[in-house]
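Subject: Structure for your review

Dear colleague,

Please find below the structure that I am handing over to you. Kindly look through the sequence and the model before reading the notes that follow.

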Amino acid sequence: MEITLQVNGKARTVDVDPRISLLDLLRERLGLIGAKKGCDHGQCGACTVLLDGRRALSCLALAVAVEGRAVTTVEGLASGDDLHPLQAAFIEHDAFQCGYCTPGQLCSAAGMLDEPGPSAVTEDLRTDPGLTPDEIRERMSGNLCRCGAYVNIVSAISEVAR
Amino acid sequence: MNRIEGRVKVTGLATYAAEYPVEGLVHAFPVQSQIAKGRIRQVDAAQALAMPGVLAVLSSEDPPELAAAASGELALFQSREVAYRGQLVAAVVADTLDNARAAAAAVRVGYDPDDHDVSLRADHPGLYKPDTVNPGLPTDTEKGDVEAGLAAAATVVEVTYATPVLHNNPMEPHAAIACWDDEGRLLVYDTAQGTTWSRDILARVLGLPADRVRVVSRHVGGGFGSKGTPRPQAVLAALAARAVGRPVKAVLTRQQMFDVTGYRTPTIQRLRLGADAEGRLTALEHVAYEQSSTLEEFAEQTATPTRIMYATPALRTAHRLVRLDVATPSWMRAPGEAPGMYALESAMDELAYAAGMDPIELRVVNEPDTEPHSGLPYSSRDLVGCLREGARRFEWERRDPAPGVRRDGEWLVGTGVAASTYPARRRPSRARAVRREDGDYLVQVAAADIGTGARTALTTIAAGALGVDPDQVHVELGDSDLPAAPVAGGSMGTASWGSAVVRACEELKSDGREGVADTTEEIEGDAQFARHAFGAQFAEVRVSSVTGEVRVSRLLGVFAAGHIIDPQLARSQFIGGMTMGMGMALMEETLTDEEFGGFLRRDLAQYHVPACADVRDVEAVWLDERDVELNPMGSKGIGEIGIVGTAAAIGNAVFHATGHRLRELPITPAKILMSRF
Amino acid sequence: MKTFDYARADSAAEAVRDHAPGTMYLGGGTNLVDLMRLGVAEPDRLVDVSRLPLDRIEQAGDRVRIGATVRNSDLAADPGIRARYPMLARAVLTGASGQVRNVATVAGNLLQRTRCAYFQDVTRPCNKRRPGSGCPAIAGDHTNLAIMGASEACVATHPSDMAVALTALGAEVHVTGTGGDRVIPMPGLHRLPGDEPERDTVLEPGELIVAVELPPPPPGAMVYRKVRERASFAFALVSIAAALDVGADGTVAGCRIALGGLAHVPWRAERAEQALLGGPATGEAFLRAAEAELEQASPLPRNAYKVPLTRNLIVSTLEGLAS
Ligand SMILES: Cc1cc2nc3c(=O)[nH]c(=O)nc-3n(C[C@H](O)[C@H](O)[C@H](O)COP(=O)(O)OP(=O)(O)OC[C@H]3O[C@@H](n4cnc5c(N)ncnc54)[C@H](O)[C@@H]3O)c2cc1C
Ligand code: SF4
Ligand code: FES
Ligand code: FES
């Protein structure tokens, strides 16, 4: 099937097998290795990208099903040589070790900063809580980091959320 | 200094093994055994071969040629015998991953199964005494008379602790791309913690001279031991590439990683401790029961930390192993120390309660002058300093030792402490340093950066040795064509590579143009010392009296680990290890499937590792140590000690909170509820 | 993954028309694609319903109609849901991760399949996946599986959090199919395993969920609480959705309790509700009610902990609501 999608602002038209995931399309066909495959089953967050600006898992998205959508990968976060504030904060706070979860953490955080509403740890669900460390921890829990960089990830995101 | 590769990592440009753009690449996908023991009758690949895009099927029907030296987990498709469920028995090579995977599901394997035995028991008739335990240590040690010491003791603690199968689960799955050139040379992009060793082993397995194999691993997405030796995917990629005459990529799925990339052996550990009225140990015995596969002997050094921790007139340690129809266990962060110290430090806490002593004071009164089993002097040891500093920060003196009495609503609150330790070793390494034409310095060593920050640490070390700005130093690593170096493992990486880098830089400084170093002789000449890092872990937990949920509200690690080369990297390493220790304490567990063999919970939705929400207040600090007996940097390894003792500190805190001593990890709500009601 | 055809439906009617044996509807795909990759689901054809114009949350009189393709995160962020049905918002927010919730649909969430390890592994037997092959979970790992309403054929649990809240709220599921439209009350969508564990729900092949309707919220306070050993991004060991209305005289005027992680269905604790109605709102009464419910429990060795856990959870949740 031939599909067209916007990838980091550019229209890409590709002929795909309906089985291919958006993640494999990015990594194997479009040369965008930023989105990582950690589990291929929605359980780790390493493949997180922004779909029409919202964070989503590219491993559980069939490429054919995201036809016409705008995909932003970690490669598309920076503007030219200027890092996205989250990218800069991750470096400053040493918010990664092996770096394999990092693109997913960054895309997830970028999406999370714009998400409205409460989280599972918000006391009063009618309020929109600020991004306290507890709120960030809960909202970022879909991104596993086996190196255990969470402490620094939370401080990096806190700095940007402020 | 921030991580040198920080920018490429946050922009998604860092290239991991599976990500090299190679022309004409095709994909291999394994077929795994569905029995735990027996023989493969036949492999019927007809249907698979007829599927779209399929190029070849590899299996023991037509064993691909490997060297006679190939054995164990890497001797792919050589034998019809099945050693465990999940073992690779065939593989499909196809143009796309989806085609390869679909065809792999269509390969029909017929078996003649035998009865399997996959359960570790302390009374297993197959238990035996291996010749040595890793890494070449004595299996048993005995000093003094344990029975007499116990008989004379005022307080005796006899306990059995158990730890489950644990999986390293680095975020990056094991992957390899193999390319053969026209001259029969092999290039493998692999997920390797050490390219030199990886190259040597691959060459041996494939029957090639080492100089015809090159392994490249510029960025590695974590390994924690599981990438310390080549795993089957590297051999598979090489064989498949040879079979189809094209470069082949083999990436394991997360589920396959559970089966074929190693795991921490489950342990059953029996401890007997005796103490006199002042709390001084009169006897200490630690016996560990563990498993290995029928393919290879892997004997984890679980009881060895007990040999070096506390002064006692009678000390006995022993290891017994049983070979089961399971995959071969392997290294996982602090192999031996992590489960062993969990048991020892939990038992010490039990002893403190039994003797009516403060657990810190108990450890202090048992501080040895020399290493207990060997009598060697310590190059440095500051466990007491760590305990005291931690106690100060944790306001330990205000702690009421009574268990099960602090409540905050439904939550029971408790604190616990445990000691940690890890050997400070180094291995021979080579390195090269040259002055480039632009005046900057190039430092080459086949080290690996698996997330430890090796590039950054080696840059700091080289800049220090050269007396230049770090900006002028460029470190190249992750390639077996570089000067040979040991793996990133055993917390030896930085000490080993750094020693060679310092020597190469020293030579460059006197030579002006180039310096090459090989530290083999230097290390052979090292004086006899007991070299270990030490630490103290403090945990505060909250245990729900309603649900049995355990939340760690605070973790503090205080470490004495020699000179800290880079505080930012060190803090990340310590905290990362402690975070993994929290997982070990509270959630990590792979189940062995007694009925069918193999493992259950083979994914990240079932094998839980800590998530961001679990990690609240975790801090690591250190005491500065000057130790000239280690290496030119005066450093001790820091990659593993962070996980050692964490689980015991948390378990001890759970006891303090609830009054219940749970002696089997992980400490889950199920176990808490069943012990309480 | 087996090859399949892919088509996107523009209307519910078209989707239903497009359905044939071997066809499956694709919502967000967060469960279906997962199961297809495992080889557990092997559709010949996918009809993508995720872009159907069913993505609105609308007030209809005193009821709220939630379109089938409303994303889980949009449901939880909806001000009306947060204010009037907080147990639902909380239940959704405790499920999966932000990334999954952004994509997962209401219908897909209701129809997600069990997380039983054997079900997810095509190399092992499982009655639900391969009828008649056996249920290894009963003798093997059933730590997270059912203690209520299970059968000898299957002890699986339904994993959804949202469904537990919808069950407590008495929601209605609106479906359309070749046989016309119908409304299925909750509880009632999911079924106990009996000797047909391959059937999770009462839906007929080809039936499409178009909406979920909420009746007005029950009076009194309501909550959702989920128990898990990992603090987030984990399925429930047990969860509870409860609402309690205590009259001026201190007796229970109304009460809703639904439990997750206990059964093949989101479990409405009717016996406990009955035991409480009209009686005192005291800890003792709550305990008796919990025990009345748990009389039906038939735990297995590894999941026996769910009995005290559920008992404690009911008592403590109701105590919290009463105060
Ligand atoms: C790692 C992970 C953790 C998770 N944790 C939780 C958790 O803690 N709690 C929880 O509740 N859930 C959890 N989930 C499950 C998640 O909530 C579901 O996957 C999701 O809600 C399914 O929605 P979907 O739209 O993606 O469904 P899909 O995957 O698209 O579909 C699921 C099923 O519904 C059918 N279907 C879809 N739409 C319709 C329709 N309109 N009419 C009829 N049939 C339809 C499909 O054919 C399929 O059978 C988790 C998922 C993952 C991957
Ligand atoms: S409990 Fe149900 S889903 Fe699990 S193995 Fe048994 S039959 Fe299959
Ligand atoms: S790879 Fe997509 S969530 Fe793990
Ligand atoms: S940095 Fe290695 S997994 Fe997060």
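Within chain A, domain 1 and domain 2 bury about 1,200 Å² between them, and carbon and sulfur atoms account for 55% of this area. On the side of domain 1, A:Lys36, A:Arg55 and A:Val74 supply 48% of the area buried against domain 2 of chain A, more than any other three residues. Please keep in mind that this is a predicted model.

The two domains of chain A

The domain assignment places domain 1 at residues 2-76 of chain A and domain 2 at residues 85-161. Their C-alpha centres lie 21 Å apart. In the contact between them, 17 residues of domain 1 meet 16 residues of domain 2.

Which side chains meet in a salt bridge here? They are those of A:Arg55 and A:Glu115, with a distance of 2.8 Å from N to O. Across this interface of the two domains of chain A, 1 salt bridge is found. A:Arg55 is also one of the three residues named above for the area that domain 1 buries. Strand S3 of chain A (residues 48-51) gives the largest share of the side of domain 1 that touches domain 2, namely 3 residues. By class, that side of domain 1 has 5 nonpolar, 8 polar and 4 charged residues.

Chain B against chain A

The contact between these chains takes 59 residues from chain B and 48 residues from chain A. About 4,300 Å² is buried between chain B and chain A, 54% of it on carbon and sulfur atoms. In chain B, the residues that lose the most area to chain A are B:Val10, B:Met171 and B:Cys612, which together make up 18% of what that side buries.

How many salt bridges cross the interface of chain B and chain A? There are 6. In one salt bridge, B:Lys249 is joined with A:Glu28, and the closest N and O atoms are 3.1 Å apart. The count of residue pairs in polar contact between chain B and chain A is 29, both residues being at pLDDT 80 or more. Helices H1 (6-10), H3 (97-104), H7 (254-260) and H15 (567-586) of chain B each supply at least two residues of the side that touches chain A. The largest share, 9 residues, comes from H15(B). Sorted by class, this side of chain B has 27 nonpolar, 19 polar and 13 charged residues.

Chain C against chain B

Here 34 residues from chain C are in contact with 40 residues from chain B. The area buried between chain C and chain B is about 2,900 Å², to which carbon and sulfur atoms give 55%. On the side of chain C, C:Arg124, C:Glu229 and C:Arg230 lose the most area to chain B, together 25% of what that side buries.

Between chain C and chain B the count is 5 salt bridges. C:Asp121 forms a salt bridge with B:Arg602, with the closest N and O atoms 3.7 Å apart. The elements of chain C that give two or more residues to the side touching chain B are helix H2 (32-38), strand S9 (221-227) and helix H11 (306-322). H11(C) provides the largest share of this side, 6 residues. By class, the side of chain C that touches chain B has 16 nonpolar, 6 polar and 12 charged residues.

Yours sincerely

Methods. Residues numbered from 1 in each chain as written. Chains lettered and ligands numbered in written order. Predicted model: local features only at pLDDT ≥ 70, side-chain atom pairs only at ≥ 80, totals over all residues. Heavy atoms only, no water. Contact = heavy atoms within 4.5 Å. Buried area = accessible area lost by both parts, 1.4 Å probe. Salt bridge = Lys/Arg side-chain N within 4 Å of Asp/Glu carboxyl O. Helix = DSSP H or I, 4+ residues; strand = E, 2+ residues; numbered from the N terminus. Nonpolar A, V, L, I, M, F, W, Y, C, P; charged D, E, K, R; others polar. Domains from an automatic or database assignment. Polar contact = N/O pair within 3.5 Å; in protein donor to acceptor, adjacent residues only side chain to side chain.
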